[in-house]
Amino acid sequence: MKKVLIATDKPFVKVAVDGIRKIVEGAGYQLALLEKYTQKSELLQAVSDANAIIIRSDIIDNEVIEAAKNLKIVVRAGAGYDNIDLEAATKNNVVAMNTPGQNANAVAELAFGMMVYMARNTFNGLSGTELRGKTIGIHAYGNVGKYVALIAKGFGMDVYAYDPFVADEVIKNDGIKPLKSVDELYSTCQYVSLHIPATKDTKGSINLDLLSKMPQGATLVNTARKEVIDEASLQRIFETRSDFRYVSDVAPDNAAILIEKFASKIYCTPKKTGAQTEEANINAGLAAARQIVDFFEKGDVKFKVNK
Ligand code: 3PG
């Protein structure tokens, strides 16, 4: 009997686990659960006889893959798969997948929650600003970026996007203005919402040069990955511009220093919260379970992300 392991340091809501169980057991497989683990050794032990694993931001490195002798597929219930060693997966004939789009609305809604919180001076009662009429730039027009654009239009914002991998026509069809370069995006937009993945090309790419281009009243919104920000640049921009604000669901390593020095201008969620909704857990979790069953039963590799 095939064994599917849910290995989630940050567990799904119960209703999502129940839904995954129904799909997995309905296919005649066994479901195992490892939640809130604190030691890597627990993960290594749990994966040892798993044929499939469902994860969130859990780290699946070479050691984990090598320990999972029977592993055929690992599905990241979510968008970013920078937590999976894809080369190790390929080398060991393990298919890696994500579940694109399934938690996108949850992340986009959080971006606006943080924007309003910051625009209203962290709800301290002093007069703040509104989002209506402000320029917002979507940096990468993928699943989350699209939802951010849609909600931004509802707020009456002036919405721009930059994505070299998406045709201008697609962006225009959604009523969003495509821009030609990343420089143009940052120099045009008071708000920039980051939706780029963390790759070797993007890590540290949001630097002082770009941030300095942002107009007065600048707020950078990061629900993507902390690694895409050059942290020294972030500190420098706070030191040089009193109007700069940063809201993030992925706190930088230097968050404590920044919060101490620039308290009212930076907000980071205490724990990564973007995909923490019942809906997102259900959407991503159940999609992961279905993808595993479709992979074993039909050889379906539609959402494969490794070679
Ligand atoms: C993602 O890449 O899907 C998000 O960062 C959500 O991550 P999480 O499942 O760990 O909350």
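**A walk from the sheet to the ligand**

H139 has Y162 of β7 as its bridge partner. The model is predicted: local features need pLDDT of at least 70, side-chain atom pairs count only at pLDDT 80 or more, and totals for chains, interfaces and linings use all residues. Residues are numbered from 1 along each chain as its sequence is written, and side-chain values use heavy atoms, leaving out hydrogens and water.

Start with the strands. β6 covers residues 135-139 and β7 covers residues 158-162. They pair in the parallel sense over five bridges. Two strands pair if DSSP finds at least two bridges between them. Helices (H or I, at least four residues) and strands (E, at least two) are DSSP runs, numbered from the N terminus.

Now widen the view. β6 and β7 belong to an open sheet of seven strands with parallel pairing. The order is β8-β7-β6-β9-β10-β11-β12. β8 (177-178) and β12 stand at the edges. Each has a single partner strand, so one side of each is left without a neighbour in the sheet.

Helices lie across these strands. α5 (residues 104-119) lies across β6, β9 (191-194), β10 (219-222), β11 and β12. α5 runs at about 145° to β11. α6 (residues 143-154) lies across β6, β7 and β9, at about 170° to β6. Axes are lines fitted to C-alpha atoms, for helices over the stretch in contact, and angles run from 0 to 180 degrees between N-to-C directions. Contact means heavy atoms within 4.5 Å.

Helix α10 spans residues 231-240. Its buried residues are E231, S233, L234, Q235, I237 and F238. Buried means under 20% relative accessible area (1.4 Å probe, protein chains only). These residues pack against α9 (208-213), β11 (245-248), α11 (255-262) and β12 (266-268).

A50 sits elsewhere, in the loop between α2 (40-47) and β3 (52-55). A50 counts as buried because its relative accessibility is 0%. Leaving aside residues up to four places away in sequence, A50 touches K3, L5, N70 and L71. From A50 to R245 is 45 Å, C-alpha to C-alpha, and 195 residues in sequence.

Among the residues around it are K10, R76, N103, R225 and A275, each with a heavy atom within 4 Å. Taken alone, the ligand exposes 320 Å², and the protein buries 95% of that. These areas come from the Shrake-Rupley method with a 1.4 Å probe.

Notes. Buried < 20%, exposed > 50% of the residue type's maximum accessible area, 1.4 Å probe, protein only.
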